[in-house]
Amino acid sequence: MQISKQVLIDVSEDASNSTGVKTDGLLLSGIVFPTGMVGANVTFDFSFDGAAWKDVVETDDTEVTYVVSADNVVRVDPSGWAFASIGFLRVTSGSTEAADRSIKLIFRTA
């Protein structure tokens with residue numbers, strides 16, 4: 001049986017980091033960006049405890065980056081996120097946001 005959840009995370013006005021979300025053993029599989037998002041790209045941070053954050057990077061040490069597509073669902077390949085099912089994730093906008101933004105993260109089982 002496949003289990004999924006959708007979570008709204010917030011990036012506050014004049015900030016770039018979102019609130020963190022506990023993955024609950026699920027894998028990130030999609031992102032819905034709001035209209036009006038200032039940052040053209042987002043990167044990700046991971047934490048085991050929701051307090052100490054680390055950049056999420058590829059095997060070549062480049063940050064995992066997604067292009068913001070406002071008001072669309074951006075597909076995320078969950079195979080690369082297997083480790084993240086055991087902690088917390090947050091999104092970092094490539095720019096400081098001009099207003100509060102809510103980003104929807106879509107998670108599912110493997």
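Throughout this tour, two residues are said to be in contact when heavy atoms of theirs lie within 4.5 Å. The model is a predicted one, in which local features need a pLDDT of at least 70 and side-chain atom pairs count only at pLDDT 80 or more, whereas totals for chains, interfaces and linings use all residues. Residues are numbered from 1 along each chain as its sequence is written, and side-chain values use heavy atoms, with hydrogens and water left out.

**Stop one: Arg 101 and strand β9**

Select Arg 101, which is found in strand β9; strands here are DSSP runs of E with at least two residues, numbered from the N terminus. At 13% relative accessibility Arg 101 counts as buried, where buried means under 20% relative accessible area, exposed means over 50% and partly exposed is in between, with a 1.4 Å probe and protein chains only. Leaving aside neighbours within four places in sequence, Arg 101 is in contact with Ile 9, Asp 10, Val 11, Pro 34, Thr 35, Gly 36, Met 37 and Val 38.

Now extend the selection to the whole of β9, residues 101–108. In a regular strand the side chains alternate between the two faces of the sheet. The covered face of β9 carries Arg 101, Ile 103, Leu 105 and Phe 107, while the uncovered one carries Ser 102, Lys 104, Ile 106 and Arg 108.

**Stop two: the partners of β9**

Show strand β1 (residues 4–11), which runs antiparallel to β9 and is joined to it by eight bridges; two strands pair if DSSP finds at least two bridges between them. Along this pairing, Val 7 stands opposite Leu 105 in β9.

Within β3, pick out Ser 29, which counts as buried at 17% relative accessibility. Not counting residues up to four places away in sequence, Ser 29 touches Val 74, Arg 75, Val 76, Ile 106, Phe 107 and Arg 108. Leu 28 also has its place in β3 and is buried, with a relative accessible area of 1%.

Phe 107 deserves a separate selection together with Lys 5, which lies over the face of the Phe 107 ring at 5.5 Å from the ring centre. A charge sits over a ring if NZ of Lys or CZ of Arg is within 6 Å of the ring centre and within 35 degrees of the ring normal.

**Stop three: the nonpolar core**

Which residues touch the most other members of the largest nonpolar core? Of its 23 residues, they are Phe 33, Val 42, Phe 44, Ile 103, Leu 105 and Phe 107. Such a core is a set of buried Ala, Val, Leu, Ile, Met, Phe, Trp, Tyr and Cys residues joined through side-chain atoms within 4.5 Å. The elements that give two or more residues to this core are β1, β3, β4, β8 and β9. Centre the view on Ile 103, which touches Val 7, Leu 8, Ile 9, Val 11, Ile 31, Val 32, Phe 33, Pro 34, Met 37 and Val 91, not counting residues up to four places away in sequence.

**Stop four: strand β4 and its neighbours**

Select β4, which is mostly covered, six of its seven residues being buried. Six bridges pair β4 with strand β8 (residues 88–93) in the antiparallel sense, and on this side Asp 45 stands opposite Arg 90. Two bridges join β4 to strand β5 (residues 54–55), again antiparallel, and here Asp 45 stands opposite Asp 55. The hairpin of β4 and β5 has six residues between the strands, and in it Gly 50 takes a positive phi near 80 degrees. Three bridges join β4 to β6, which run antiparallel, with Val 42 opposite Tyr 66.

**Stop five: the aromatic pairs**

How many aromatic pairs does the structure hold? There are two, where rings of Phe, Tyr and Trp (its six-membered ring) pair if their centres lie within 6.5 Å, and planes under 30 degrees apart count as stacked, over 60 as edge-to-face and the rest as tilted. Phe 44 and Tyr 66 form an edge-to-face pair, 5.7 Å centre to centre with 85 degrees between the planes. Phe 44 lies in β4 (residues 41–47) and Tyr 66 in β6 (residues 65–67), so this pair ties together parts that are 22 residues apart in sequence. Phe 44 counts as buried at 1% relative accessibility, and Tyr 66 is buried with a relative accessible area of 17%.

Finish with Phe 46 and Phe 48, an edge-to-face pair at 5.0 Å centre to centre and 85 degrees between the planes. Phe 46 counts as buried at 6% relative accessibility, whereas Phe 48 is exposed, with a relative accessible area of 61%.

Key
Helices (H or I, at least four residues) and strands (E, at least two) are DSSP runs, numbered from the N terminus.
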